[in-house]
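Please consider the structure shown below.

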Amino acid sequence: MRDATGTREAAAGPGPDAPDSRVGVCLARVPLPDVSGRRARWLDAAFAACEREEMAGRPDRTVAGRLALKQALADLWPRVAPGVPAAPADFVLGRCESGAPRLVSAPPGLPPASVRVSISHSPGLAVGLAAAFLPGGRP
């Protein structure tokens, strides 16, 4: 574990279509008890006003999943944009029509559309995954 949220990182090798490409992948997990009871604190610390509004009335697992994804993105960013500091609050998340998460805005380094994101929940845990192909590959 890297921090209180239980963040873990992983990196993969070359992309499928370009032998010289690399892919950066980060996974973060947030136990649901870390959000329950501290929801307002996490919302204020890591989420933009538009995100807080969107999550009003949504279950704690939604906040935990978004928080895990933001942590995964913050862990990924130094790989895709060396020298650009990033914190979970620097990323704004939204939803596709299907309900799947999407990256709306991010610090400089890569356009949000070139980053793939996913969230999963279990009864006591939320997991966020962020992946991006680095120069030489395709997203």
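Predicted model: local features only at pLDDT ≥ 70, side-chain atom pairs only at ≥ 80, totals over all residues.

Arg39 belongs to helix α2 (residues 39-46) and Asp60 to helix α4, so the pair ties together parts that lie 21 residues apart in sequence. The two partners fall into separate accessibility classes under the 20% cut-off for burial: Arg39, at 19% relative accessibility, counts as buried, while Asp60, at 24%, counts as partly exposed.

Helix α4 also takes part in a second pairing. The side chains of Glu51 and Lys70 meet in a salt bridge at 3.1 Å, N to O. This pair links distant parts of the chain, with Glu51 in helix α3 (residues 49-55) and Lys70 in helix α4, 19 residues apart. Glu51 has a relative accessible area of 1% and is buried; Lys70, at 0% relative accessibility, is buried as well.

A further salt bridge joins Arg95 to Glu54, whose closest N and O atoms are 2.9 Å apart. Here strand β3 (residues 92-95), which holds Arg95, is linked to helix α3, which holds Glu54, across 41 residues. Arg95 is partly exposed, with a relative accessible area of 41%, and Glu54 counts as partly exposed at 25%. Glu54 and Arg95 are linked with Arg66 in a network of salt bridges. The count of salt bridges in the model comes to 4.

Beyond its neighbours within four places in sequence, Leu73 is in contact with Phe91, Leu93, Leu103, Val115, Val117 and Ala130.

Finally, the largest pocket has a volume of about 170 Å³. Its lining includes Arg66 and Arg95, together with Arg58, Arg61, Ile119 and His121, among others. Two or more lining residues come from each of α4 (60-80) and β5 (115-122), and the largest share, 3 residues, comes from α4. By class, the lining of this pocket has 4 charged, 3 polar and 3 nonpolar residues.

How values were computed. Residues numbered from 1 in each chain as written. Heavy atoms only, no water. 1 Å grid on protein atoms, 1.4 Å probe; cavity = no way out; pocket = protein on both sides within 12 Å on 5 of 7 lines; lining within 4 Å. Points joined across faces, edges and corners; volume = space filled by probe spheres on them. Helix = DSSP H or I, 4+ residues; strand = E, 2+ residues; numbered from the N terminus. Nonpolar A, V, L, I, M, F, W, Y, C, P; charged D, E, K, R; others polar. Contact = heavy atoms within 4.5 Å. Buried < 20%, exposed > 50% of the residue type's maximum accessible area, 1.4 Å probe, protein only.
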